[in-house]
Amino acid sequence: MGIVAGLDSSPDFTRIVVCDADSGAVLKQGYAPHPLESAEGGGRLADVDPQAWLLSLGEAAGGGLLEGVQAIGVSTQQNALVPLDAQGNTVRPAMPGGDKRTQASAADLIDRLGGREAWAQAVGCVPQAAHPVTKLRWLAKHEPEAAQRVALVLQAHDWLVWQLLGRPSRRTTDRGGASGTGYWSAASGSYRPDLVELALGHQAMLPEVLGPGAAAGTTPEGLIISAGTGETMAAAFGLGVRQGDAVVSLGASGSVMAVHHEALVDPSGTITSLADATGMHLPVVHTLNAVRTLRGTADMLGLSGIEELSDLAMKSTPGSHGLVMLPYLEGEKTPNLPHTAGTLSGLRRESMKPEHLARAAFEGMLCGLGDAMDVLRARGVEVRRVFLLGAVAELPAVQAAAPMLFGTQVVVPQPADYAALGAARQAAWALSGQLPQWQGAAAQVLEPGEELPVGQAVRQQFTAVREQTHPGAFDSVGA
């Protein structure tokens, strides 16, 4: 029996799970917050000293947590850029994944290459503020002296793996992390160094992309370090999703991600073509409005929170008595309506009750995500079951509506450190040389059952209002 560990270094903390390599059973766990400095006014600084990640890792691993461990996998926040000079020292602090300073630089890059379609064809994604390629462009424009010193570009998990191995001359990454950079194509499996030069103004070294199950190296003590990956890919691996599965994430915004056998090139840029940690692909479609729709409706109704909104929605019935909400409160990405607003349709005397508005908010949010899922289905992505993630997945109103609106089995996993578990599973793969067949996540399974026709009618009602309000909005999506 082998023992492996998976660590997940999120923006705020490090979690470590120590697992049996054969079964995936969790033996021990560790946790530590990141020792991040605060900006004036109590907010967090946008930039992060990568040493904070190492300090947090060391604290989380305290008390002999890693004794007996034979291999370690690393998962980290995605898109955190670590620019290094020729000696391997940081040119400046790391730029984290959610950096909003670079929005203008994303638009600049899109124009410099010739538009969204050119980027989608080149690397499977259109630059956004979070992408490392966009951060390189920001550096070149706002910190040109630092940009000139950049000789090597790593992401957070690349840097942590490199540190654990003692900073060897070989630097590595994995295809999952590379696929989110904006300068590596999941379709071709290769870098586009010209895009690094387009952004940064000169060439820079990039880490070697390892295959699934490969080891990045072995420490002098004989500890195997696997390739590592981003949090999204690690969580998918920890959940045990496979082809035919989609993952719907319910945050303030939403996303639909599915496992597919090939990369999807989408000229409209609606589909982001990521790679997973197993050799498969993870096409993703994002929506701007998910839980923020529920919070806004709860505020509008004077409720204490979305739990109370859920209770109120359960007093209504499917279809909300004809009330339809297009939840485009912040504009929308899918369909591409950046400057629009939300719409409430079907107001009649009998529908003007709080419970019907509450139900319409849940149905509008889920129908919007259903639209995103249909973008993938239209490109041949099979969806037989849907994993529903996020705290609101536990709400009765979500669980009552999701199976009928998505038209498929819905799985609500029990809360767990899935990114850390995925990193541990990757470590077990590197240790044994074989893909570990760990048991999937413990979960609640919901079936659409006899309510499937009702759900289809609600989706049709939503689609009719969307087409009337925004005709042709989906005409070029996913084409």
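Helices α10 and α12 run roughly antiparallel to each other, because their angle falls in the class over 145 degrees. For comparison, that scheme counts angles under 35 degrees as roughly parallel, 65 to 115 as roughly perpendicular and the rest as oblique. The axes of α10 (residues 291-300) and α12 (residues 354-378) come within 9 Å and cross at roughly 170 degrees. Axes here are lines fitted to C-alpha atoms, for helices over the stretch in contact, with angles from 0 to 180 degrees between N-to-C directions. Helices (H or I, at least four residues) and strands (E, at least two) are DSSP runs, numbered from the N terminus.

A word on the model: it is predicted, so local features need pLDDT of at least 70 and side-chain atom pairs count only at pLDDT 80 or more, while totals for chains, interfaces and linings use all residues. Residues are numbered from 1 along each chain as its sequence is written, and side-chain values use heavy atoms, leaving out hydrogens and water.

**Two helix pairs**

Where α10 and α12 meet, Val291, Thr293, Leu294, Thr297 and Met300 of α10 face Leu357, Ala361, Phe362 and Met365 of α12, contact meaning heavy atoms within 4.5 Å. By class, this contact has 7 nonpolar, 2 polar and no charged residues. Nonpolar covers Ala, Val, Leu, Ile, Met, Phe, Trp, Tyr, Cys and Pro; charged covers Asp, Glu, Lys and Arg; the others, Gly among them, are polar.

Now turn to α2 (residues 103-113) and α4 (residues 132-142), whose axes come within 9 Å and cross at roughly 100 degrees. That makes α2 roughly perpendicular to α4. Ser105, Ala106, Asp108, Leu109 and Arg112 in α2 meet Val133, Thr134, Arg137, Trp138 and Lys141 in α4. This contact has 4 nonpolar, 2 polar and 4 charged residues.

How many of the 25 residues of α12 are buried? The count is 21, so the helix is largely enclosed by the rest of the structure; buried means under 20% relative accessible area, exposed over 50%, and partly exposed in between (1.4 Å probe, protein chains only). After α12 comes glycine 380, with a positive phi near 90 degrees.

The largest nonpolar core holds 59 residues, of which Val248, Leu250, Leu388 and Phe406 touch the most other members. α12 gives the most to this core, with 13 residues. Such a core is a set of buried Ala, Val, Leu, Ile, Met, Phe, Trp, Tyr and Cys residues joined through side-chain atoms within 4.5 Å. Leaving aside neighbours within four places in sequence, phenylalanine 406 contacts residues including Val248, Leu366, Leu369, Met373 and Leu388.

Histidine 356 also belongs to α12 and counts as buried at 5% relative accessibility. Beyond four places in sequence, histidine 356 touches Ser316, Ser320, His321, Leu323, Glu350 and Ser351.

**Backbone details in loops**

Arginine 167 sits in the loop between α6 (156-164) and β7 (172-174), and serine 320 in the loop between α11 (306-313) and β18. The peptide bond from threonine 334 to proline 335 is cis, with omega near 0 degrees. Proline 335 lies in the loop between β18 (324-326) and β19 (343-345).
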